[in-house]
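Take a look at the model first, then follow the steps.

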Amino acid sequence: MDTIEAIRVRHSVRQYSGRPIPEDVRSELERVIEERNQEDGISHVQIIYGDPACFDSFMNRNGRFDGVQNYIALVAKKQDGAMERLGYIGEELVLTAQKMGLNTCWVAGSFNRKACKAKVGSDQKLYAVIAIGYGMTRGKASKSKDFDAVSKTRRQEAADWYVRGVEAALLAPTAMNQQKFVFEQTGEMARLSTKFGFYTKLDKGIVRYHFEAASGHEVTLV
Ligand SMILES: Cc1cc2nc3c(=O)[nH]c(=O)nc-3n(C[C@H](O)[C@H](O)[C@H](O)COP(=O)(O)O)c2cc1C
């Protein structure tokens, strides 16, 4: 499965089977995490296996999540731009996991922050987690906005690569499925801004990853 196919088939999954993640799959995820942490300089992303306590939260008493054993902890230094960078790194990990047959769900609210086993330095913050494992289902497609609702450049005036990028961005996970992002084509690049909303800075990094992966063109954040 390539990245484009992973973008198409990914949906949030909240119910997991107890099937453990095999060693070779763990090694690949850990390799990507290590590389991104090295390159980024401010992120301290970690993957934690076999820790159900993190999803045993008051927020989750209604059983929204079930069987979550593993999660990726999105930790970074507390500084401007950290959330956008974690969104970008986290979504690469989500799609890497999808390609290897795993399922995921971004979680910024419904988890037990205090029970989470990630190491968080005094100058760092745990911004969100991503549940990861073998889903009971593959999830299902969510309602999505139209192209023109998230693009200042009209579809008929846009380059093919830009259309591919926006369409991939429309398939990205966003907090509460809010999709409060706006793209604009600027020559051979695109600009991306977000409107006011919950966790839109994480969303910004996530949709940027989808756009760049599908279009092969760079996005500048405004
Ligand atoms: C930054 C972020 C935070 C999220 N937080 C939660 C959460 O706390 N609880 C939850 O059940 N889903 C959470 N989600 C999942 C979204 O609800 C989901 O991505 C959205 O409804 C679109 O569905 P899809 O991912 O299946 O396309 C979050 C997603 C993102 C991107």
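**Exercise 1.** Work out why the ligand lies between domain 1 and domain 2.

Solution. Domain 1 spans 3–133 and domain 2 spans 147–221, with bounds from an automatic or database domain assignment. Both give residues to the shell around the ligand, so the ligand lies between them. This is a predicted model, where local features need pLDDT of at least 70, side-chain atom pairs count only at pLDDT 80 or more, and totals for chains, interfaces and linings use all residues. Residues are numbered from 1 along each chain as its sequence is written, and side-chain values use heavy atoms, leaving out hydrogens and water.

**Exercise 2.** Find which residues come nearest to the ligand.

Solution. Start with the 21 residues around the ligand (a heavy atom within 4 Å). Arg10, Ser12, Arg14, Arg64 and Ser110 come nearest.

**Exercise 3.** Identify polar atoms that pair with the ligand (N or O atoms within 3.5 Å).

Solution. First, a polar side-chain atom of arginine 10 lies 2.9 Å from a ligand oxygen. Next, arginine 14 places a polar side-chain atom 2.8 Å from an oxygen of the ligand. Finally, a polar backbone atom of tryptophan 106 is 3.0 Å from a ligand nitrogen.

Methods:
A polar contact is a pair of N or O atoms within 3.5 Å; within protein, one must be able to donate a hydrogen and the other to accept it, and residues adjacent in sequence count only if both atoms are side-chain atoms.
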